[in-house]
Amino acid sequence: MTEQGAVPDFGDSERPPGDEQGDDAQRQTDDDTDCSADAAEEGADGETKRTGATSVVESLEAAGVDTVFGVQGGAIMPVYDALYDSEDIRHVTMAHEQGAAHAADAYGMVTGDPGICMATSGPGATNLVTGIADADMDSEPMVALTGQVPTELVGNDAFQETDTVGVTTPITKSNYFASSPDTVGEDVSTAFALADHGRQGPTVVDLPKDVTQGETDAEPSEPAVPGTVSVQERAPTADVAAAAETIADADKPVILAGGGVVKGEATDEVRAFATEFDVPVVTTMPGIGAFPEDHDLALEMAGMHGTGYANMAVSLTDCLVAVGTRFDDRLTGGVDSFAPDAEVVHVDIDPAEISKNIEADHPLVGDAGTVVEQLADAMPAAPDTEDWVAQCQEWKVEYPLDYAVPSDQSDDGSTPSRPPEDEPVKPQYVVETVDAATDDDTIVTTGVGQHQMWACQYWTYTEPRTWVSSHGLGAMGYGVPSAIGARVAADDDQSVVCFDGDGSFMMTCQELVVAVREQMDITVFVLNNEAIGMVRQWQDAFFEGRRMASEYPWVPKFDKLAEAFGADGFRIEDYDDVPDTVEAALAVDGPAVVDVYIDPTEEVYPMVPSGGDNGQFALSRDHL
Amino acid sequence: MSGRQDQEGLPGPAPTDRQRPTGRRNAQGIRIDPEAEAEHPPRRTVISALVEHEPGVLARVSGLFSRRQFNIESLTVADTQNDDWARITVVVEEPDPGIDQIEKQLEKVVPVIHVRELADDAVTRELVVVKVDAERPHEVHAITEMYSGKTLDAGPRTITVELTGDEQKIDDAIDAYRQFGIREIARTGQTALARGETKTAVVPDHLK
Ligand SMILES: Cc1ncc(C[n+]2csc(CCOP(=O)(O)OP(=O)(O)O)c2C)c(N)n1
C-alpha cells in the first residue's frame, strides 16, 4: 500500500553489512548481468514458458496483492522464482516463518484485505502454524502458500514432507492441495476469495513442487468463492422488528461491540446507533477501536481485565445488543453469571456463532453494518436510558482505572498521571505517555501478557484498525512481527508502536532484523519486569506464590540487543526519563527499541478470574 | 511487594458491596429460571449432509466432530446418484443446542452442499455382518430367517450372516445371536433418506 516498491533508504546511516544497494537495486543488477534464471525458463521456440508458479503469482496479482511475507526454501523455490519477475508484489523476507504469518495477519488486520505469507514445506509450513491458528481465532483474512514435496513423493515421508493440509485443516476456513499446474492458479484465487469472504479467516494452498514447476497455458482467474459458500447480508425484517422492539422497551440496554464490528467496517453504524438511542457501548478485546473510547457512552473493554464500569454494565444490563462477537470465555467469564438478566440480540455474519456459547433471544444473521442499520430504522422509539446512562457514568467515577498515585499527591487532588519520583516506573504511565505523544491514528501492536492488558486499559483507542493484538490465541511473540506487518500496511504518516513484554519479545525479537533491513519506522517498548509477569501474577494469586519458571535470573539488555541488530536502542530506568526518552524513540525514523525497567510488582486489575462472575471483578488480590 | 495495588488495589466498592443481577444461565448459556434448572437432555438423531465428492472431505467432517467434542454414534459416507456428490449420514447424541451447532458447523465446511436433521419418519437402514460359532447351525439359521437375514458363509466352525434393518432390529438380532457365541461383528452404521417427497438434501440450482 504505502511502502510498496520503495527502495530502502539507509540515508547516511550505517548500512547493514552485505547490503550495498538495497533489495530492489540488487535485483536490478542481477537482471542486467545474469539471465540464467530466465534462460532456464525459455523453451525451444524462445518463448518464456508459463508454469504453475507463474499462475500462482498472476493470481495474487489479479487479486490485488502488493506484499508477500515469507521465507525461502527448497519446495517453494519455483514460486519465489516466479515472484522475481513480479512488478506488483513486494516480498518482505522475514527471519522466521512464524514472523511471516503474524506479519501477514497484522497486514490483514490493518488493511482489511488478506495478508499473504509464504514458506517452504515441512518446517517452513509448521513454523507458520501458530500464525495461522492466530488468524483463525481472530478471523483475520490471510492466505498462506506452502511449498510441498513433488506429488510423486507425497506420502513417502520424503525430505521436508509434512501433511500441511492435514495439520492446518482445523485452523483454517479451508485449505487446498494443488493438484495440477493448470488449476493451481484457480486454487490460489479461490483461497484468496474465501479468506476475504463473509467472516474472514485464514486459508492455505499447499503447492507441490512439480505442480509449480509444471507448464501450463492457464490464465489467472479472478478470485471467486466456491459455489457451496454463501453469506446472508440482511437479517429478516420481522426478526429485526422484534429485536428493535426489545431494545426500545429496555431500561438498561448495552451494545457489546466485538471484532466483527471492526472487521465488518460497521463502526459508523454502531456509533450512529449508540448516539441516536443513547445506548452505552462496551467492547470485547478484538472490538477495541469499534467505538471511540473518549466518547461519553464508551465503557471500554469488558471481560477478564475489562474496566469495572464495563463489567458492571454487562452484568446488570437487561438487553445486550451483541454485534460481531463469539462470546469468548475471556469475555463472558462463567456463562451462568454472564448478563443473566439480559435479553440477547445477537448480530453475526456467522450463523454458527448464534447461541453457541450464549443463547440469543433475537438471532440476527447478517453483515454487522447492514443489520445495525436495519435495527436503527426499525426502532419504534428510543429506549428511555437516562437513568441507566447516569448509572454507567457513576460507575466510571466509582471504578476508575488508576495506578500508583502517591498518597501525598492524591490527597491534594493533583492528577494521577503525575508520578512519584522515587518509585519504579509504572507501566501504565509509559502507555499513557506514548499515547499522549502520538496521533490518534497510531497503530498499537502487542505481545501477550500483562503489558498487553495495560496497553488495552491505559491507551485511549478512538479509531478502528489501530489495535492489533493476539486475542483468541494469545500468542506471545506476536508483537514485533505484527508491528512489521502493520507498518507495511499503514499509511506513511501513521505511527506504529509495539508494547511488548520481555518474555514475549524474546520469542520473536529476531524479526527486528527485518525492520532494520527494510528501514521500517516502528517503535518497540519492552515493558521489562524480568519475568513472564502474567504467569507470576497468577502464581501469586492462585498458586500460593510458588513462582515456578516465571522469573528470569537474567534478561538481555534490550537496548544493546537492538543496537546489535542495527536498530536504535534506548533505556528507561526512572520516571524522569519517561517523557523525553519516549519522544526521542518516537522521533527515530526507523526501528527503535526502548527497554523500560518497570515496577516488577505491578499487577493487572481489575480481574475476573477464569470462569468467574463479571460483576464480581476483583480490584486487588484480596478480592480474588 | 512495594506496588500500591498489592496493598490497596484499585479504588471502588468491593465485590460484596455491589448491586447484583437476579437471573442466571445454565451451562449452555440459556437464561433459566433459577428455581427450575432446565438443562436440555441429549437426544439421538440422524443428520444428513450432501457434500462435494473430493479428497479430504471426510477428514474435514470427522475432524470437526472430534475437535468440537460432538458425540457421534456412527458416520457413513458413500457416492450418490451424481458422481460429484457424496452423502454423509451421522447419528449423533447431543442436547438440542449441540444438534443445532453440529448442523451449523457442518454447513461451514466448504465442500458441504446441504445439511439437515432428518425427521423421525426418515427411512433408515443399517447393515451388519455377524460371525458366530457353528456348533448349532440349525438354530443359527432359524434366527437368521426370523430377522430376514442371509447366510454369507457357513463352515464347520463358523457361520457368517448378514442382516439389514433399522438400529433397533439390528440390536435385537445381535442379542439373539449371543447364545451361540459371537466371534466378530462389523456394522456399517446407519444410512438414511428422508421419507417420500421430502428431499434429503436441497441442492442450489447453480450446483446442479
Ligand atoms: C506462545 C505462548 N507461550 C506461553 C504463553 C503463556 N503466557 C501467557 S502470558 C505469559 C507471560 C508473558 O510474559 P511477558 O511477555 O514478559 O509479559 P508480561 O506478562 O511480563 O507483561 C505467558 C508465559 C502464551 N500466552 N503464549
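**Domains and ligand shell**

Me: Hi! How far apart are the centres of domain 1 and domain 2 of chain B?

Reply: Taken over C-alpha atoms, the centres of domain 1 of chain B and domain 2 of chain B are separated by 28 Å. The contact, meaning heavy atoms within 4.5 Å, takes seven residues from domain 1 of chain B and seven residues from domain 2 of chain B. This is a predicted model, where local features need pLDDT of at least 70, side-chain atom pairs count only at pLDDT 80 or more, and totals for chains, interfaces and linings use all residues. Residues are numbered from 1 along each chain as its sequence is written, chains are lettered from A and ligands numbered from 1 in the order in which they are written, and side-chain values use heavy atoms, with hydrogens and water left out.

Me: Where do those chain B domains run?

Reply: Domain 1 of chain B covers 43-117 and domain 2 covers 123-192, with bounds from an automatic or database domain assignment.

Me: Which feature does UniProt place at residues 46-123 of chain B?

Reply: An unreviewed UniProt entry places "domain: ACT" there; such annotations may be inferred rather than shown by experiment. Residues 46-123 of chain B are 31% helix and 41% strand, counted as DSSP runs (helices H or I, at least four residues; strands E, at least two).

Me: Switching to chain A, what are its domains?

Reply: The assignment for chain A gives domain 1 (22-213), domain 2 (237-398) and domain 3 (427-605). The centres of domain 2 of chain A and domain 3 of chain A, over C-alpha atoms, are 30 Å apart, and their contact takes 18 residues from each of these two domains.

Me: Now the ligand. Which residues come nearest?

Reply: Gln450(A), Gly474(A), Gly503(A), Ser504(A) and Gly533(A) come nearest, out of 17 residues around the ligand. A residue is near if one of its heavy atoms lies within 4 Å.

Me: What are the polar distances to His451(A), Gly474(A) and Met534(A)?

Reply: For His451(A), a polar side-chain atom is 2.9 Å from a ligand oxygen atom. A polar backbone atom of Gly474(A) is 2.8 Å from a ligand nitrogen atom, and one of Met534(A) is 2.9 Å from a ligand oxygen atom. A polar contact here is a pair of N or O atoms within 3.5 Å.

Me: How much of the ligand does the protein bury?

Reply: Alone, the ligand exposes 590 Å², and the protein buries 76% of that, by the Shrake-Rupley method with a 1.4 Å probe.

Me: And which element gives the most to the shell?

Reply: That is α21(A), with four residues.

Technical notes:
Polar contact = N/O pair within 3.5 Å; in protein donor to acceptor, adjacent residues only side chain to side chain.
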